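I opened a new page for this protein and started with its core. My notes follow in the order I looked things up.

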Amino acid sequence: MQAGRLDRRVTLQRPVQQQDASGTTTDTWSTVATVAAARRDLRGREFVAALAQHVEVETLYTIRHTAGAVPTQLWRLIDGKRVYDIQSVAEIGRRRGYELRCTANVR
């Protein structure tokens, strides 16, 4: 994996549940790691749902293997101001890296 291609800084987050003093549980996001990544846009599509126009983009991110930060489909990825849901994770080699197929809704 060439370092020059990993030209973006992205943040990986996982869902966590927090309980406040009254016992109410809320779902929040916890940052796991900020890593270098390569981005490749795969496709985009427009559709109308509930009388509103939506645009969905599909993007492939490549990251290096990071100890303690093995992404799963429940996690999300943040690139700049755009938040992506991780749809699938494919391992590249043995402990070399991961390809993350992600989607984001753009309004």
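Which residues have the most contacts inside the largest nonpolar core? I am working from a predicted model. I found 17 residues in that core, and those with the most contacts inside it are Leu 12, Tyr 61, Ile 63, Leu 77, Tyr 84, Ile 86 and Leu 100.

Next I looked up which elements supply the core. Strand 1 (8-19), strand 2 (25-49), strand 3 (52-64), strand 5 (82-92) and strand 6 (97-106) each give two or more residues. Strand 6 provides the largest share, four residues.

I then checked the overall layout. I counted six strands and zero helices, so the order along the sequence reads β-β-β-β-β-β. The protein has 107 residues, and 33% of them count as buried. For contacts with a separation of 6 or more, 51% are between residues 24 or more positions apart. I noted an accessible surface of about 7,100 Å², with 44% belonging to carbon and sulfur atoms.

I went back to Tyr 61 and left out its neighbours within four places in sequence. Its contacts include Arg 8, Val 10, Leu 77, Tyr 84 and Leu 100.

Last entry: Gln 13, which I placed in strand 1. Is Gln 13 buried or exposed? Gln 13 counts as buried because its relative accessibility is 9%, under the 20% cut-off. Its side chain makes a polar contact of 2.7 Å with that of Arg 76 and another of 3.2 Å with that of Thr 31. Beyond four places in sequence, Gln 13 also touches residues including Trp 29, Val 32, Trp 75 and Ile 78.

Technical notes. Residues are numbered from 1 along each chain as its sequence is written. This is a predicted model: local features need pLDDT of at least 70, side-chain atom pairs count only at pLDDT 80 or more; totals for chains, interfaces and linings use all residues. Side-chain values use heavy atoms; hydrogens and water are left out. Buried means under 20% relative accessible area, exposed over 50%, partly exposed in between (1.4 Å probe, protein chains only). Contact means heavy atoms within 4.5 Å. Accessible areas come from the Shrake-Rupley method with a 1.4 Å probe; for residues, only the protein chains shown count as cover. A nonpolar core is a set of buried Ala, Val, Leu, Ile, Met, Phe, Trp, Tyr and Cys residues joined through side-chain atoms within 4.5 Å. A polar contact is a pair of N or O atoms within 3.5 Å; within protein, one must be able to donate a hydrogen and the other to accept it, and residues adjacent in sequence count only if both atoms are side-chain atoms.
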